[in-house]
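Please keep the sequence and the 3D view open while going through them.

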Amino acid sequence: MDISGLIITHNEEKNIQGVLKCFDFCNEIIVVDSFSTDRTVDIAKEFPNVKIIQNKFEDFTKQRNLALDAASNDWVLFLDGDERITPELRKEIIDELNKPEQKDAYYFYRKFFFAQKPIHFSGTQSDKNFRLFRKSKARYMDGKKVHETLEVNGSIGILKNKLLHYSVSDYESYRKKMIHYGILKGKELAAKGKKFNVLVQYLKTAFKFFKAYIMRLGILDGKEGYQLSYLQSLSVFETYESLKKEQN
């Protein structure tokens, strides 16, 4: 079964080699890069069967759909730079695609790491995303600037083995990522006609922290659980700061 490995990148020189190695069973790799200023593209060029497309970043959905359009195979494996496939998951993917019949899209559960330390709670325990699917049966939903959503017009399965998600290399880089996501989400809300409300801002920020730290048991993840819960709530706060700026 032919499959295309897809990834969108920006300044991923620390990650790009590791994630492209995960595509070793793909007969094609598509890298959509938003004009990285580090060695991301140079490193990617060292891999066989790689096609690099450089496109100015507007939002995550547009970059992902551009990668889908460039893939020559119907089956695609879409990974982020901070995700890694285990040997067990690699085998499960190949076995699934070699079955007489498959689902049209597969959820992957993800194992979350904070600076190489595994996180068991803090809202990560139910974290799953579509990573393997037929592009003829799925498309990323227009209008979503961040936390992009795949719409699947077909059957859905879930793989048993988890994808490793090294989302947090260090506190400061993750803080910047959460602020960036918040800014994009605020622009998305503004485009939908949402109005800024300071009471909603503070209530939703407080609830996000309470949900991650107490309801989703972040307290059991120690210092990292507190930091993750705080940064998730910071992203909510920045969402409404962004929305406020869009309306001024």
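This is a predicted model: local features need pLDDT of at least 70, side-chain atom pairs count only at pLDDT 80 or more; totals for chains, interfaces and linings use all residues.

1. Helices (H or I, at least four residues) and strands (E, at least two) are DSSP runs, numbered from the N terminus. Residues are numbered from 1 along each chain as its sequence is written, and side-chain values use heavy atoms, with hydrogens and water left out.

2. Is S126 buried, exposed or partly exposed? Its relative accessible area is 41%, so S126 is partly exposed (buried means under 20% relative accessible area, exposed over 50%, and partly exposed in between, with a 1.4 Å probe and protein chains only). Not counting residues up to four places away in sequence, S126 touches Y109 and R216, where contact means heavy atoms within 4.5 Å. S126 and R216 are 90 residues apart in sequence, and their C-alpha atoms are 9.7 Å apart in space. The side chains of S126 and R216 make a polar contact at 2.6 Å (a pair of N or O atoms within 3.5 Å; within protein, one must be able to donate a hydrogen and the other to accept it, and residues adjacent in sequence count only if both atoms are side-chain atoms).

3. Helix α6 (residues 198-215) has 18 residues, and at 1.5 Å a residue it should span 26 Å, which agrees with the 24 Å between its end C-alpha atoms; the expected span is 1.5 Å times one less than the number of residues. The buried residues of α6 are Q201, T205, A212 and Y213. Seen down the axis of α6, these buried residues fall within an arc of 90°, so they line one face of the helix (the arc is that of the directions from the helix axis to the C-beta atoms). The face turned away from that buried side carries the exposed residues L199 and L203, and helix α7 (222-247) is included in what covers the buried residues.

4. At the N-terminal end, N197 caps the helix, with a side-chain oxygen 2.8 Å from the backbone nitrogen of L199. Just after α6, L217 takes a positive phi of about 65°.

5. Which residues of helix α4 (residues 87-97) are buried? They are L89, E92, I93, E96 and L97. These residues cover an arc of only 125° around the axis, which puts them on the same side of α4. On the other side of α4, P87 and K91 are exposed. The cover over the buried residues of α4 includes β4 (75-78), β6, β8 and β12.

6. Strand β12 (residues 163-168) has five of its six residues buried, so it is largely enclosed by the rest of the structure. Strand β5 (residues 83-84) and β12 run antiparallel and are joined by two bridges, and two strands pair if DSSP finds at least two bridges between them. Strand β6 (residues 105-114), by contrast, pairs with β12 in the parallel sense over four bridges. H165 in β12 stands opposite E83, and F112 also stands opposite H165.

7. The structure holds eleven aromatic pairs (rings of Phe, Tyr and Trp, taking its six-membered ring, pair if their centres lie within 6.5 Å; planes under 30 degrees apart count as stacked, over 60 as edge-to-face and the rest as tilted). The rings of F57 and F60 have their centres 5.0 Å apart and their planes at 75°, so this pair is edge-to-face. The rings of Y213 and Y226 have their centres 5.8 Å apart and their planes at 85°, so this pair too is edge-to-face. The latter pair links distant parts of the chain, since Y213 is in helix α6 and Y226 in helix α7, 13 residues apart.
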